[in-house]
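Dear colleague,

Please find below the structure that I am handing over to you. My findings follow it.

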Amino acid sequence: MSNLLKILLFIGIGILLNRLVGLIFLVMEKRNKSVHLRFTKSVVNVVFAVILFYSLLQQFEVTRDISKALLQSGSLMVAIATFAAQQALANVISGISLSVSRPYNVDEKIRVVQGGSVIAEGYVKDITIRHTIIRQFNGECCIVPNSVMDSAVITNTNFIENVGNFMEIEISYDSDIDKAMSLMQQICIENEQTLNTEENKVFIKSYTSNGIVLKTTVWTQNLDDSFQACSDIRVALVKGFREAGITIPYQTVTISGIYEAG
């Protein structure tokens, strides 16, 4: 067999193994979207690539001695590779740590905070041997090294069973306070996406120059429901207060003056 055919054969085997690994993990991911499957897939592909490359070197007289020397001096190569690629190795080790501990999975919504600043927030789309891909809410993908993910503070909203979101609204001093508090509680309870009951009271948070600030907590099963429920409740509060004669104060500017004709 000619050298060219051997090279083409190994390339074909590599492509076939890559497709086979992808198919196997695709079936597994349909049952479970655990993030460790994506990382394991990357590791398997790398291992197969190294084995095929070494096997290819064994097929030629010119490279056979080189491959044996590389194998025999494996410890030296590992030491050199470790020194030369410390950051890359840190990403691999951190990827293994994340794969085992599983602080997040594919399609889960997370917030990554490091040094008090949010460096990425969105949905986890993939994790490779080097990095984690997070699709942000504006459609952009943020590629974060695994070493950063391993050391950062991660907020995973999927770990939260019930989400509470504060709801505030201001009413004028002339409005019926008891009626406003009762109506606000009723609107929150009647919303289909909330978990609110009569035990979720409405409180007076503070006084302002314009009126009284009412406050309560809107409870939902998840964060997505919370956004929609709070939006619907705000609309219902404006309409309900208007019908009940409860005034929501707002600042106005009155301009007066004397116009003299030239």
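**Aromatic pairs**

Two aromatic pairs are counted in this structure, which is a predicted model. Phe137 counts as exposed, at 52% relative accessibility, whereas Tyr123 is partly exposed at 28%.

Tyr173 and Tyr207 form a stacked pair, with 6.4 Å from centre to centre and 25 degrees between the planes. Because Tyr173 lies in the loop between β6 and α7 and Tyr207 in strand β7, the pair links parts that are 34 residues apart in sequence. Tyr207 is exposed, with a relative accessible area of 60%; Tyr173 is partly exposed at 42%.

**The sheet**

An open, antiparallel sheet is built from five strands in the order β4-β3-β2-β1-β5. Its edges are β4 (141-145) and β5 (153-156); each has a single partner strand, so one side of each is left without a neighbour in the sheet. Strand β1 (residues 109-114) is joined to β5 by four bridges, and Val112 stands opposite Ile154 in β5.

**Helix α7**

At the start of α7, a side-chain oxygen of Asp176 comes within 3.3 Å of the backbone nitrogen of Asp178. The buried residues of α7 include Ala180, Leu183 and Ile187. Among the elements that cover the buried residues of this helix are β6 (163-172) and α8 (223-244).

With kind regards

Key:
Residues are numbered from 1 along each chain as its sequence is written. This is a predicted model: local features need pLDDT of at least 70, side-chain atom pairs count only at pLDDT 80 or more; totals for chains, interfaces and linings use all residues. Side-chain values use heavy atoms; hydrogens and water are left out. Two strands pair if DSSP finds at least two bridges between them. Helices (H or I, at least four residues) and strands (E, at least two) are DSSP runs, numbered from the N terminus. Buried means under 20% relative accessible area, exposed over 50%, partly exposed in between (1.4 Å probe, protein chains only). Contact means heavy atoms within 4.5 Å. A polar contact is a pair of N or O atoms within 3.5 Å; within protein, one must be able to donate a hydrogen and the other to accept it, and residues adjacent in sequence count only if both atoms are side-chain atoms. Rings of Phe, Tyr and Trp (its six-membered ring) pair if their centres lie within 6.5 Å; planes under 30 degrees apart count as stacked, over 60 as edge-to-face and the rest as tilted.
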